[in-house]
Amino acid sequence: MLLDFEKPIHELEAKLKEMKELASRTDMDVTEAVKSLEERIATLKKETFDNLTRWQRVQLARHTMRPYSLDYIQLMCSDFIELHGDRQVKDDKAMVGGLGLIEGKSFMMIGHQKGRNTKERQYRNFGMPNPEGYRKALRLMRIAEKFEVPIVCFIDTQGAYPGLEAEARGQGEAIARNIKEMFDIKVPIICIVIGEGGSGGALGIGVGDKVFMLENTWYSVISPESCSSILWRSRDHKEQAADALKLTAKDMMGFGLIDDIITEPLGGAHTDYQTTAENVKKVILEETEKLLRINHGLRRYNRIEKFSKMGVFEE
Amino acid sequence: MSWFKRKERNITTPTNEKRDSPDMWFKTPSGGIMLKKELVANQYVCPDEGYHVRITPQQYFEILFDNEKFEELDANMRSKDPLKFTDSKPYPQRLEAMEAKIQSVDALRSAHGSINGQKWVVAAMDFRFIGGSMGSVVGEKIARATNYALEHQIPLLIISQSGGARMMEAGFSLMQMAKTSARLALLAEAGVPYISLLTNPTTGGVTASFAMLGDFNIAEPGSLIGFAGPRVIRETIGKDLPKDFQTAEFIEEHGFLDFIVDRRELKSTLSRLITILKSRDSDKQ
């Protein structure tokens, strides 16, 4: 799948490939042409990605080829054992978790999980957890706390699932409890928005000592489409809504609502899994190291105070 | 052609002669008519059908606090516009218009005072103010009310009445869910009771944070309570919703409420609860 603004870049890249193939088949010297084309591609890429609109970033955040939680886990962990179930109702496939090793150190890895094709998407419920997902996540966090293992949460959801059973089983209560109890967890928690940060469904695993967003992600109280349909009575104003919500990593960083931004390779995370995962891994290791130097009481105090300061008002 | 034809105009009354006084009467949902005065005396509950009329923070304060005496907290805290948010009109204009219309500065008021002689902090939301939505002001006032309860070791009551988060404050609004929950985590740790009263309606980010975090979650009868709103759910599942879905009674039946309380018994119930909690025989060791 190609996004509109990716197409010109893709066309040039296709041309470059063609040219190289031609050169390998014939004796033509295309060095100069290749060089100039490569330069053009680099310039166009930089220009495009330096000037992305908010809506374009939303599109990148949802790119079907974007790495998901299990991709990061696979790329970062030398070993990983997935753990299932909330011990009450069932195993929510939209929320995954388990114990993993990164550079020989143990972590509890938790994250929303989307699917890539129709079948997978349905299996993962489009990355929208039911209450069981949040309860599973909390169960795993308590295990991590018990065995003093730091926690990493990957956030990537449009929102918690708005369904009949979800309501009957207490979607609101499940999210509320997670948010509150994440303030009590004694081990370090690092949260990273890797795609979409949709409202309470995101925040349900989003209370961390450090909260990061990848460069091309969004995090807000509502999706641009839903915002558009409520405020403009139609989904057509999604671009305008994205601008109004100021939902990009840069916006959120500017407001002091997240701690930092993790850079993506030029062209977006989906064009280079390896580099993206390296960037994420580096942040996780460095931040855990720093957080572990603080005792857990102070860490909890800092976590509470950080969120307590969020808000703008006058009196 | 009709059998009878009215030759003259309908009976009319010139506007200045009209003596209807809409403030005097209240029409109940089933079509009954009652005196407003009677309704007030009945704490805004229709006697026949038990229907709970939605009321304001001021009215809750008057119902709950002894002799209607209370001291308001942070009465002048106002929203700002960090996002410079504009839809059909700029957010500051919306705020001003709201304030002028209902004489209230945001969607929550908090106060402390005595309820049957016991000291309490009460924070009550106001659905009239942009759907009772939670922005920075609601979050901060709840945080401070919670701090007040913690500092004075007195019980906290939060009365929810909200459609959820306030879109015009986007990310800030979302983080109020975390902020309020953080303060409540500290209150819980200190063993100070927190009672959450859910009224009609309580949905969205409010349900998914402080409203569901009470030591005791209670609700007024018939209130709409849920995370996602009924319209969103209907659109998602493409089916009509069961009749009593997301009512307080449904939520109680599914195990998320301790009990449902009639507004006329709210004050006495709160006192009884705290009295029983406090009357414990302490550990002898």
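In this predicted model, Asn178(A) sits in helix α8 of chain A, a segment covering residues 171-182. Asn178(A) has a relative accessible area of 1% and is therefore classed as buried, the cut-off being under 20%. Beyond its neighbours within four places in sequence, Asn178(A) is in contact with Tyr134(A), Ala137(A) and Leu138(A), and also with Gly204(A) and Ile205(A).

Chain A as a whole is divided into two domains, with domain 1 spanning 4-51 and domain 2 spanning 57-308. The C-alpha centres of domain 1 and domain 2 of chain A are 36 Å apart. Contact between these domains of chain A involves five residues of domain 1 and eight residues of domain 2.

A helix pair in chain A can be described in some detail. Helix α4(A), residues 69-76, packs with helix α13(A), residues 273-292, at an angle of about 80°, and their axes are 10 Å apart. This angle makes α4(A) roughly perpendicular to α13(A). On the α4(A) side the contact is made by Asp71(A), Tyr72(A), Leu75(A) and Met76(A), while α13(A) contributes Tyr273(A), Gln274(A), Thr276(A), Ala277(A), Val280(A), Lys281(A) and Ile284(A). Sorted by class, the residues in this contact of α4(A) with α13(A) are seven nonpolar, two polar and two charged.

Glu103(A) belongs to the loop between β2 (95-102) and β3 (105-112) of chain A. With a relative accessible area of 52%, Glu103(A) is exposed. A residue of chain B, Lys84(B), likewise has phi near 50°, again a positive value in a residue other than glycine. Lys84(B) lies in the loop that links β4 (78-79) and α3 (91-102) of chain B, and its relative accessible area of 63% makes it exposed.

Turning to the sheet of chain B, seven strands form an open sheet in the order β3-β5-β6-β7-β8-β9-β10, with mixed pairing. At the edges stand β3(B), residues 71-73, and β10(B); each has a single partner strand, so one side of each is left without a neighbour in the sheet. Helix α4(B), residues 136-152, packs on this sheet and touches β3, β5, β6 and β7 (156-162) of chain B, with its direction at about 20° to that of β5(B). Another helix, α9(B), formed by residues 266-278, lies across β5, β6, β7, β8, β9 and β10 of chain B and runs at about 130° to β6(B).

Within the sheet, strands β5 (residues 108-115) and β6 (residues 118-125) of chain B run antiparallel and are joined by eight bridges. In this part of the sheet, His112(B) stands opposite Val121(B) of β6(B). Strand β6(B) also holds Met125(B), which is buried at 0% relative accessibility. Although Met125(B) and Ala107(B) are 18 residues apart in sequence, their C-alpha atoms are 5.5 Å apart in space. Not counting residues up to four places away in sequence, Met125(B) touches a set of residues that includes Pro57(B), Ala107(B), Leu108(B), Gly132(B) and Val138(B). The set also includes residues Ile159(B), Ser160(B), Gln161(B) and Ser162(B), as well as Val206(B) and Phe210(B).

Further along the sheet comes β9(B), residues 216-219, a strand covered on both faces. Phe216(B) and Ile218(B) lie on one side, Asn217(B) and Ala219(B) on the other, and all of them are buried. Strand β9(B) pairs in the parallel sense with β8(B), residues 194-202, over four bridges, and also in the parallel sense with β10(B), residues 259-260, over two bridges. Ile218(B) provides a handy reference point for both pairings: Leu197(B) stands opposite Ile218(B), and Ile218(B) in turn stands opposite Phe259(B) of β10(B). Strand β8(B) also contains Pro201(B). The peptide bond leading from Asn200(B) to Pro201(B) is cis, with omega near -10°.

Conventions. Residues are numbered from 1 along each chain as its sequence is written. Chains are lettered from A and ligands numbered from 1 in the order in which they are written. This is a predicted model: local features need pLDDT of at least 70, side-chain atom pairs count only at pLDDT 80 or more; totals for chains, interfaces and linings use all residues. Side-chain values use heavy atoms; hydrogens and water are left out. Buried means under 20% relative accessible area, exposed over 50%, partly exposed in between (1.4 Å probe, protein chains only). Two strands pair if DSSP finds at least two bridges between them. Contact means heavy atoms within 4.5 Å. Axes are lines fitted to C-alpha atoms, for helices over the stretch in contact, and angles run from 0 to 180 degrees between N-to-C directions. Angles under 35 degrees count as roughly parallel, over 145 as roughly antiparallel, 65 to 115 as roughly perpendicular and the rest as oblique. Ala, Val, Leu, Ile, Met, Phe, Trp, Tyr, Cys and Pro count as nonpolar, Asp, Glu, Lys and Arg as charged, and the others, Gly among them, as polar. Domain bounds come from an automatic or database domain assignment.
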